[in-house]
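Reader: I'm new to this structure and would like a close look at just one part of it. Could you walk me through it slowly?
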Amino acid sequence: MTDLRDLSLFVRRSDGVAAIDLVVDGVNCGACIVTIEKGLRRQAGVRGARVNLASKRVTVEWNDGALDPPVILEQLEALGYPAYPFETSAVDDVAKDSEKRLLRGLGVAAFGAMNVMLLSVSLWAGADSDPNSATRDLFHWLSALVALPCAAYAAQPFYESAAKALRARSTNMDVPISLGVTLALGLSVFQTLAHQQLAYFDSAMMLLMFLLAGRFLDQRMRRRTRDFAVNLSAIRADRAVKLFEGGEARETPLAAIRPGDLVLVRAGERVAVDGTVEDGRSDIDQSLVTGETASVAVLPGAQVYAGTVNLSGALRVRVQSAASGTLLDEVRGLLDKAVEQRSSYVQLADRAARLYVPVVHLTALSTFIGWLLLGAGWQHALVIAITVLIITCPCALGLAVPAVQVVAAGALFRRGLILNSGEALERLAEADTVVFDKTGTLTQPRPMLANSADIRAGDLALAGSLALTSRHPLAKAVAEAAGAKEPMAAQEFPGQGVSAMHRGEPVRLGSVAWCQAETEAAPVAAAWPDASLIALSTPGRVVVFAVRQGLRSDAIAVVADLALRHEVEILSGDREPAVALVARGLGVTRFEAGLKPADKIARLKALASAGRRTLMVGDGLNDAPALAAAHVSISPISAAHIAQAQADAIFLGERLAPVADALRLSAKARRLMLENLWLSVVYNLIAVPLAIFGYVTPLIAALAMSGSSILVTLNALRARDARRARP
């Protein structure tokens, strides 16, 4: 059934490309992924489709205007996979409904299996006394009376999925499962009609019970996996209190909020929009944006973001972005992009899963023919072929890498880092050299007053009041250090500074030359070689302020941690004394200063030629080429947009720890990906030959198939934690 909602509300548009996220029901294996992606790409205008098995989400991109979103849902419906717009509630509802259905089927299968086993045990117990054929047939027919209706109900999830795939002229994992169950039941009915001694109703029901139990546990484990990838939709408010002319306040859906509107954010509420505070004072929990747990005081003029929490006072906020385009949307987009993109490991697993169905059917048929040629009865040969159909499992292979990606991406986000590339985890794990830019990367993005201890309180207060009237970043640092609230009536001279009258006398705040403070500036420059200087000139007195970007609070510890396992360098465009001072403070012996973008790229190429795989960490516009040229790259959230676009990951907040966390956790994630791939391969290499040679029963096959998927998912959950090494 086609979704009746206005799907245009869920479409994202950028540079002539439209995209939509959908939650798809019935995706259980790698073959399902291939069917959906190939089927959607056949639709005219579709540029690409990506399916995430762990989250059951499909992202479809098409040329804007080439087709309408309902066409995509109709195409998915035709392929046998009903879809809905991706919303938190939709994902949860679909997952819960699927689990409830599997649980009901499991209950019916368990009821049937227990009753059929009671009848079978009676026959087994009397096997030595050779019960007469009429008694045996009666017990077989009673078993059929219980097993057939129970199987018809319990096996619906497998049959429906297989039927949809076949109607769409494709196959999935449920096709061989359905074939195996049907053959087992059909063979049992035939044997009962032929008055034979053996029937397999008990095996068929136990097989269904184990298959359903495995599918149910698999669904639950996938839900747990999705929980580790933070769903940012869950922390987004869907309504805001809009303030209308005349003072009326009305709760309004975000879709009806426009840039320029005024909204009220009350104490205790989650901020629903990106905007600027126009009135009010409060404390904001901005841990979502900054990664810091401490609350931040906001005043008129401060920026607030959707998803943050207003802790104390009421705020009036002028809207910049509401229903779309917020920082929260950008963060969610980056996280989703990283999880959904195909890494080389995922592509390998997908290619293997694509071959699964034809190979397993051919293997089962060859097994059946082989046993017949060896002289086995057709019934025995058929039971072995059924076992082969059941025991092969592409689920473990399909989940091997995506499950780890989802868990690792969520774990990194909780540590303050957002992946921007599907291959970022793999490339981060390969990095053996870390190259840092200095300004804004190793140092804090905002300048601060360095020599405040040497400044008298009165001079600092006067300078702060003057600084409030200037737009220069150095002046802002002085104003923040002074805690200035009231600006003076001053005149600004572009490129020089500001001047005003204070107690009837002229005062200036600005460049050293403009304030004629060269003599007083010399010792300050010697003490702070990496600082920029700003002077306060009053009649008979000159004060010089040193403004610098201090090291990030944990830079020393993080660089020491990284140096245990990686080579560390600093490449900066700043002056030699400033770079040398930072390098000495961090214990970095290899650094270069005064570099242009081309110089940084040349150094990265030299490292690559020497066999090094570099992680570049930088933030400026001039770092964008180097970020693109490096093996893998990370930018802070404060970076220029073009730098963020070139980076493979972005870290939040003031601390540098997410960089070290990324390298450590990515190494563990890659190891888990390889472990999962090997688990899947080894399982099939061992299980399939055992089944072909007749050493495995259908019941054991069902247990092994379900267990392999659960084992892979459990192993992926280990990616949620990676302990930090202590320098």
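How do the axes of helix H6 and helix H12 cross?

Author: A word on the model first. It's a predicted one, where local features need pLDDT of at least 70 and side-chain atom pairs count only at pLDDT 80 or more, while totals for chains, interfaces and linings use all residues. Residues are numbered from 1 along each chain as its sequence is written, and side-chain values use heavy atoms, leaving out hydrogens and water.

Now the helices (DSSP runs of H or I, at least four residues, numbered from the N terminus). The axes of H6 (residues 174–193) and H12 (residues 378–391) come within 9 Å and cross at roughly 155°; axes here are lines fitted to C-alpha atoms over the stretch in contact, with angles from 0 to 180 degrees between N-to-C directions. H6 and H12 are therefore roughly antiparallel (an angle over 145 degrees).

Who touches whom? Contact means heavy atoms within 4.5 Å. On the H6 side the contact includes Leu179, Leu183 and Leu187, and on the H12 side Leu382, Val383 and Ile386.

There's also one aromatic pair by the ring rule (centres within 6.5 Å, for rings of Phe, Tyr and the six-membered ring of Trp). Phenylalanine 190 and tryptophan 378 sit 5.3 Å centre to centre with 65° between the planes, which is edge-to-face (over 60 degrees). Phenylalanine 190 belongs to H6 and tryptophan 378 to H12, so the pair ties together parts 188 residues apart in sequence.

Finally, threonine 192 is also in H6.

How values were computed. Helix = DSSP H or I, 4+ residues; strand = E, 2+ residues; numbered from the N terminus. Parallel < 35°, antiparallel > 145°, perpendicular 65-115°, else oblique. Phe/Tyr/Trp six-rings, centres within 6.5 Å; stacked < 30°, edge-to-face > 60°.
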